[in-house]
Amino acid sequence: MRRNGPLALIFHTIFVIIMLAPILVVCLVAFTPEGYLSLPTNGFSLRWFRAIANYPEFIHAFWVSLGLGALSSLVALLFAVPAALAIARYRFRGRDALAALFLSPLMIPHVVLGIAFLRFFTSAGLGGSFAALIIAHVIIVFPFALRLTLAAATGMDRTVEMAAVSLGAGGWTLFRRVTLPLILPGVISGWALAFIQSFDDLTMTVFLAAPGTETLPVRMFLYIQDNIDPLVTSVSACVIAITMSALILLDRFYGLDRVLAGKGDTGR
Amino acid sequence: MSGVAEERGARAPWALTAPALMLFVGVLLIPLAMTVMLSFHDWGQYKGIEPVFILKNWYEIAADPYYAEMFWRTFRIAILTTLLTALLGAPEAYILNRMSGRWKSFFLLVILGPLLISVVARTLGWALLFGGNNGLVNKLLMSLGVMRSPIPFMFTETGMVVALAHVMMPFMVLSVWAALQRLDPQIENAAMSLGAGPVTIIRRIIMPQIMPGVLSGAIIVFSLSASAFATPAIIGGRRLKVAATLAYDEFLNTLNWPLGAAVATLLLFALVLIVVGSNALIERRYAEVFR
């Protein structure tokens, strides 16, 4: 394998700096001791992190986001695990069409989904409710939950299952004691990736959230619309920290390269 | 045994997928169908939404040049974003692929990781760097006396393209990187042994082979950019509207839902046509790669 020349390495360095600069700037400005947007040149301060406490809307939105992400990812898995087992193990008519349908939320613009759900839940009398948010998020995180569970179920060694069957295990016992433990890394990673997607979604949620059910990205977006001050950077820094924790969890259980490499080929 | 297995085999997959299928029909297909229907309804300031079947909204979009201009802006931004990500992302993927193991996986994580970080936070970063007189880069350059007035970034199409390209870049790198994995490194050595220079190798050996990766990355970036909301809304504000931000305004500010639904439906069908069409073209052109 030939090495990269100096020109290539210069390009690479500039590329990486540009990719990281906006994220680093947000995290750095969050530590500013000043009352306005500036880099913390006169020492670091947690002042703007403490300021979040005086802004209950952000705290409330954080809990909404956390609950929404955890619950909708869990519900998505309840639907996705059986579907993944069926798609991984059986060759049946309509299998490809079903798989395409289950992955379709990746391809439908989130603004269109937001509008469709707003219309649907408003006419169902659920407009602005937390239940509506859960159902909508289940749909958008479903492809991520399905994809990782599917990968685990496809790669699973089925002889262990057969051994269990020969020893008299069947039905629910077989699933709970043998199949589920074997696909668990995929299921947990599916949950984590689904959680991140739900936790970060703005485009669809901004249509559905009402005061009281605003998620953190929605609250941040509405706040930025009015003014940009260091408060929103400290909130962003917290969001980045939470996403990073979920990423580390993903990396531990599954390997981040596998998760991300699977993201590109969405069947488009 | 075979009889039982076949019978189970015929019913089991449907039993297992039935809950998810019902969920998708109930809360995805029906709401989408309702949105298409909504675009044919009437709306008035005082009467609200009237469930009739008329072409008023579609006629308004076709007749008012405002919408043509807005859609043209949306697709122009998406095309420029796609070009920018391809021009920078493809070489970067190539350089990444030539790094040694540990550095390769480290930088791959550095570049792909932002994919999972909040779009609001990433766009906010650009606003902090270039946002008017308070933008950090602007302040620095102005205090150094390099320029008198801030770089126009906020509320400009250039700003939207740059910030969007940053948000979408991981998709392009990922796609080209995947194409590079299929490439046999020996071909490069073979070309070199036959006397080809670096430029010739890149132009005649590498480029043709990663082109499918660049194109499939381009489709992803284009369709995500054309329907992006957060970045255009934060950088473009209320002045520079694209399809997604216009639909948002119609729904949550003007409250003209049928018109907003028509804009969204048009965006959805335009994107489906473009994506499916270019996918078919690419697969026909590069049939041998997708064997």
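The conversation below takes up the terms one at a time.

Visitor: How should I read the names and values?
Guide: Residues are numbered from 1 along each chain as its sequence is written, while chains are lettered from A and ligands numbered from 1 in the order in which they are written. This is a predicted model, in which local features need pLDDT of at least 70, side-chain atom pairs count only at pLDDT 80 or more, and totals for chains, interfaces and linings use all residues.

Visitor: How do you know how confident the predictor is in chain A?
Guide: By pLDDT, the predictor's confidence in each residue, from 0 to 100. Chain A averages 89, and 96% of the residues score at least 70. Over residues 263-268 of chain A, however, the value is below 50. Where pLDDT is low, the predicted coordinates should not be read in detail.

Visitor: What makes two residues count as being in contact?
Guide: Their C-beta atoms, placed from the backbone, must lie within 7 Å. The contact between the chains takes 67 residues from chain A and 76 residues from chain B. On the chain A side, helix α1 (residues 6-29) gives the most, with 13 residues. Helices here are DSSP runs (H or I, at least four residues), strands are E runs of at least two, and both are numbered from the N terminus.

Visitor: Why is chain B called more spread out than a compact globule?
Guide: The radius of gyration, taken over C-alpha atoms, is set against a globule rule of 2.2 Å times the number of residues to the power 0.38. For the 291 residues of chain B the rule gives 19 Å, and the model has 24 Å, well over that, so chain B is more spread out than a compact globule. Its C-alpha trace spans about 85 × 75 × 30 Å along the principal axes. Chain B holds 12 helices and two strands.

Visitor: What makes a residue buried or exposed?
Guide: A residue is buried if 20 or more other C-beta atoms lie within 10 Å of its own, exposed if 12 or fewer, and partly exposed in between, with C-beta atoms placed from the backbone. In chain B, buried residues make up 42% of the 291.

Visitor: Why is B:F155 called partly exposed?
Guide: B:F155 has 15 other C-beta atoms within 10 Å, a count between the two cut-offs. It sits in the loop between α6 (136-143) and α7 (157-181) of chain B, and its phi is near 65 degrees, a positive value in a residue other than glycine. Most residues other than glycine have a negative phi.

Visitor: How do you know that B:L255 is partly exposed?
Guide: B:L255 has 14 other C-beta atoms within 10 Å. B:L255 belongs to the loop between α11 (243-254) and α12 (257-285) of chain B, and has a positive phi of about 65 degrees although it is not a glycine.

Visitor: How do you know that the buried residues of α4 in chain A line one face?
Guide: Those of helix α4 (residues 95-103) are A:L98, A:A99 and A:F102. Seen down the axis, they fall within an arc of 100 degrees, so they line one face of the helix; the arc is that of the directions from the helix axis to the C-beta atoms. The face turned away carries the exposed residues A:D96, A:A97 and A:A100.

Visitor: Why is helix α7 of chain A said to lie largely in the open?
Guide: Of its eight residues (159-166), the number buried is zero, so α7 of chain A lies largely in the open.
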